[in-house]
Amino acid sequence: MQHKPKRSRAIALPNSEFRARATEYLDFLAAWVKKPRQTASVVPSSRYLARLMVADIDPQGGRVLELGGGTGVFTRAILETGLAADRLEVVEINPAFARGLRRHFPHVSILETPAQIVSVAAAGGPGDYQTVVSGLPLLAMDRAMHIDILSEAFRMLKPGGSLVQFTYSTRPPVSRVVLDQLGLEVVRAGHTVRNFPPATVFRFTRRGE
């Protein structure tokens, strides 16, 4: 008996979703070409990485701050946890990305403010935030910038709050010297190969909390 070869079935995306994803990739590539150290990758983060980044968000647990919104992959995942849009603020200093975020998430506050001084523009005050989700390329930044960004993030976080950061390295992107100086701990929260490049997620908390 002759067996007919099985035909592979392609999964087609709706035209609107396909166009949205294509636009995200083109915007991200353009930003990388213009400022590769600031953007760090030629493609947006995957939804698999996004799920790891938002896994511990409690939709009733208080405000959330996202650093480096990019094309909105993490923003979308944060909102999918059930967090209200008016409880999320996204920091994005790239004007093109900021425009795209406002277009796709009209009810979310988009702040074109450097992460190290975000408290001057944030709606919430110190201690109002449960989580800071960071897509910033910390590996491309120096120690002084790490200190400024982490200090500001933990100024905004409530007791027991955490900063979640991904990196393309298997080691934390912040040195032990900086962690000791700021009184922070870091643990590996997850890893995914379903991202380009493969990524590791780390969670930073205050010592003793």
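F74 and F166 are both buried, where buried means under 20% relative accessible area, exposed over 50% and partly exposed in between, using a 1.4 Å probe and protein chains only. Before going on, note that this is a predicted model: local features need pLDDT of at least 70, side-chain atom pairs count only at pLDDT 80 or more, and totals for chains, interfaces and linings use all residues. Residues are numbered from 1 along each chain as its sequence is written, and side-chain values use heavy atoms, with hydrogens and water left out.

**Aromatic rings**

A pair of aromatic rings is described by the distance of the centres and the angle of the planes. Here, rings of Phe, Tyr and Trp (its six-membered ring) pair if their centres lie within 6.5 Å; planes under 30 degrees apart count as stacked, over 60 as edge-to-face and the rest as tilted. Searching the whole structure turns up two such pairs:

| Pair | Centre to centre | Angle between planes | Type |
|---|---|---|---|
| F74 and F166 | 5.7 Å | 85 degrees | edge-to-face |
| F166 and Y168 | 5.5 Å | 65 degrees | edge-to-face |

F74 sits in helix α4 (residues 73–80) and F166 in strand β5 (residues 157–167), so their pair ties together parts 92 residues apart in sequence. Helices (H or I, at least four residues) and strands (E, at least two) are DSSP runs, numbered from the N terminus. F74, F166 and Y168 make up one aromatic cluster. Within it, F166 has a relative accessible area of 9% and is buried, while Y168 is partly exposed at 29%.

There's a charge over a ring, too: the charged end of R194 sits over the ring of Y48, 3.9 Å from its centre. That label needs NZ of Lys or CZ of Arg within 6 Å of the ring centre and within 35 degrees of the ring normal.

**Helix α5**

Helix α5 spans residues 95–104, and its buried residues are F97, A98, G100 and L101. They cover an arc of only 165 degrees around the axis, which puts them on the same side of α5; the arc is that of the directions from the helix axis to the C-beta atoms. Exposed R99 and R103 are carried on the face turned away from that buried side.

**The whole chain**

The chain has seven helices and seven strands, in the order α-α-α-β-α-β-α-β-β-α-β-α-β-β along the sequence. Of its 209 residues, 44% count as buried. With contact meaning heavy atoms within 4.5 Å, residues 24 or more positions apart account for 66% of the contacts in the chain with a separation of 6 or more.
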